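Open your viewer and get ready to select as we go.

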Amino acid sequence: MKINDYLKQSSLNNILSVESVVSNNFRNKISKLSKSIIYIILFIFIFYFLFKNSTNFILYKKIVDFLIPKIIGLLFINIGLLLFSKLIDFYFSSTYYFEKISKNNYSKDEIYTFSAGRVFYAGRKTDILHGFIDSEIGKEVFLRLGISDIKKKSFYNFQKIEQENVMPKNEGNIMKLEDIINYFYDYKPTFVNFLNEEGISKKDLLGALNWVIYRIESEEYEKQWWRSEILLRNKGLFDDWSFGKTYVLDRYSRNLIEDEEVNSEAMTISNREPEIIQIENALSKSSGSNAMLVGNPGQEKMQVIWSLCRNLKKKKVATSILGKKAILLSVNSLARVCKNKDSFEEQIQKIFNEIIHSGKIFLVIDNLTELINTAKSLGSDFTNIFSPFLKNNAIQVISLVNTNDFHQYIEQDKTLSNNFEVIYIKPLSTEEIIKIISASALKIEKQYNIYFTYQAIKELAEGSIYYFSDGVSSDKAVSLLNEISPWAKRNNKIIISKDEVLDFIEKKTNIPTSGRISIKEKDKLINLEELLQKRVIGQNDAIIAISNALRRARTGVRSQNKPIGSFLFFGPTGVGKTETTKALAYVFFGGEENMMRFDMSEYQTEDAIEKLIGSFTTGKTGILSNILREKQYGVVLLDEFEKANKDVLNLFLQIFDEGFFSDMTGTKINTRNIIFIATSNVGADTIFKIVSEGKNPKDFQDEIIANIVSRGLFKPELINRFDGTIIFKPLEHDDLSKIANLMLKKVSERILEKGLSMEYSDEVVEYIITNGTNKVFGARPMNRFIQDSIEAQIAKLIISGEAVSGKIIKFIVKNDDLLAEII
Amino acid sequence: MVYNNTCMNFLKTIFGYLKWHYGKALFSTFILWRNLLFFLIHFFSLKSLLTNFFTPWRKLTESYPQNFDLSSETFKKYISTFTVNTIMRIFGMVLRTFAILIGLVCCLSFILILPATLVFWLALPFLIISLLLFGLILIFFS
């Protein structure tokens, strides 16, 4: 079937052809021009009537008489044009049914939606694909996807026009633009390949498409001033006359109906109907008609209330709250005014009495636990004052409580919790967050004169979850959006793409954002084994395992909801476990200061968990939470991990699994950009035994771990939670020799700064290995031995004045003693 | 052939428009009037003023003594409370009457101009054509 025939089957064809002749832009221009001309003519007439009797006018009477009818004619034409453009506006508006922001009123015989019709209409002389690229919607979608005009045009010209053998289908339902996109994915492989080459998935294309449709529809919607929901936005002039005056409550509260969020169409996107129905049911109960919304800290709970208020305004709510006012009690202002127990209790009593008296209010308490704690700090028992009112039918309360606070304070308090219907607020999905911030972005774009691509919006939503673990994702995404806009403006960035968002997040968090690997970093990643081996001797297996994990992390292959990596290093003391960690911090994270060390033997007691994450009762903050809040990117070394308390081990189980933990206040702390390395020398004897038998411990890893588990110090579930369990073997003679050489080289480099050189023979190295290492502590005593024997002698020579710039200090072994000579 | 097709399409479009103007849009004007009337009723809070017509002004009342007896103090208190409450009630009624009257006058004026807007809407296509034609005549033939 030809597109033209298909188009004609719907009654929307007429309006599409009108639109093609007098487009929205054209109408706007006509309307503006006519208005300006009308104003000028009116001004001329005023001028004429004021000065028509003056001598100048009389002199030019003939010309004036000639011009006046022509000016009147021009006025008529412009009034006609203005009326015409407005009439077409009405015509267009009244046939525009909203797919995204309101109830969709399409009937089946209309065949296609307005946006789909526009694409068909644009392609009536070519084909649907060309029509899509040519249409205003298509052009905007490509812009939103960041596809340049040149690329688009080259594809457009390359793509042959193909008359459709098969038309898009939607199983008898109204045809939407999504169906056309599905059709492209089924029948236009060249287009799909083009998108794939640009790194655009079907989900991205649909996301950008829906955003563009939403933009068009919300602008159309705002034009329709005659809609009852728009006309009834503001409150009535004498509404307050019918309510009991709430003098005290007014001082500590605000009417939520007047909030901007209630009147914003952007906020209607997230679907909160299930929660709203639960609230309405709770408030309709015959006694204890109160609801408690429990959810993550942030605005998500409030968003549900705003949605409820929107319904309240439209009068689409249960009769129990129909016609009532939603009043938000400000706990902070109450706390500011009430300085003692008596005044607090008096004000609370008055507030609730006023609410009962008014009869037209349901109260919203944003943070109930804060109110309880404020009362407690003043020596008052809020629950006791509150409970009788809660049981009263004349009062309806919606409390908003954070999940942690709910479990900590309210769940156990049966007097309080029994009077509330508890409703859990589900966090919004990434898709819903993308919808919310894409709607907000449209307003911000106008304000800052910037332009977001769809990928940028998507990255803002995903980045808000990944890089900022604390708080509600939709709030964080919106605040990121609000922060990035002035930043972009300052940096003269007009188009904000994914790269700009990643740049911004990187600057804000100091965390290198994945997805883009710089050349310097690329070199590091490719040569990681080589770089680590320069510092860590004899532990190639461990180095390979860590290097692979890091490469997985930086290329985005790893799970995004876990730390970069978590490793458990088993091995005897002094074999390079800590050195590997330091080397990693130095090579990959830019310095050893990015290694955060915790000696787990300090966390053996019952209060260990409080030391790490803080305590609510004492108000002390935790060491782990403090450090990780400040530094969200680096290596955390957990030395002697097996010695930690059981609760501490459980905390790390959660961290390795979820990539975050909550501190004493319930604030989430992100650990998704951290590498955790736990070390332990449990099982060192087994490793020694295997090595002494001439075997490689790597080949007996399972046996070694089974042996460690059998000792009861590590549970199998804990070991399994690590990304890798790495066995460090005892250092062999060759390894120790390399380490000794490495350390001596470092000393040599240090004294070179003073103009001195150092020489030593293999005998010296052998002497250091014999005296500076042992079976139990491996290479650990070597550093100390070099300090005592080599560095101490050099120091003496420098002080005595024998070693001056240009001299060579030579170390030799004589009579089983290490001596220094000056050459 | 192409010319005929264009003509047909043009006529169809014009016909489609007129069908909308004198069909769906005419019906929509009634909805628009209804919405505007609701807006006026809402704006002047007429519903709430009427349903609460006898309610004391801003629900300001005093409470009656709890145990009624004929002792002079309690009786005095009872009478004074009754007087205050009655005054508040009357005061509320008077103010509401004024507000209701203002609202009703506005609604009535709006209803009265409805026939005029209806005529205007029916004549609008012709009015536009007349304005354009008359304008052209004035420019070129006067």
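This is a predicted model: local features need pLDDT of at least 70, side-chain atom pairs count only at pLDDT 80 or more; totals for chains, interfaces and linings use all residues.

**A pair of crossing helices**

Select α2(A) and α5(A): their axes come within 10 Å and cross at roughly 140° (axes are lines fitted to C-alpha atoms, for helices over the stretch in contact, and angles run from 0 to 180 degrees between N-to-C directions). Residues are numbered from 1 along each chain as its sequence is written, and chains are lettered from A in the order in which they are written.

Now show side chains: A:Ile15, A:Val18 and A:Glu19 of α2(A) meet A:Ile88, A:Tyr91 and A:Phe92 of α5(A). Contact here puts C-beta atoms, placed from the backbone, within 7 Å.

**Across to chain B**

Next, display both chains: 33 residues of chain A are in contact with 36 of chain B. On the chain A side, α5(A) gives the most, with 15 residues.

**Into the core**

Finally, select A:Ile437, which touches A:Ile457, A:Leu460 and A:Ala461, among others. A:Ile437, A:Ile457 and A:Leu460 are among the residues touching the most other members of the largest nonpolar core, which has 78 residues. Such a core joins buried Ala, Val, Leu, Ile, Met, Phe, Trp, Tyr and Cys residues through C-beta atoms within 7 Å, buried meaning 20 or more other C-beta atoms within 10 Å of a residue's own. Here α5(A) returns, giving the largest share of this core, eleven residues.

How values were computed: Two residues are in contact if their C-beta atoms, placed from the backbone, lie within 7 Å. Helices (H or I, at least four residues) and strands (E, at least two) are DSSP runs, numbered from the N terminus. A residue is buried if 20 or more other C-beta atoms lie within 10 Å of its own, exposed if 12 or fewer, and partly exposed in between; C-beta atoms are placed from the backbone. Lists of a residue's contacts leave out its neighbours within four places in sequence.
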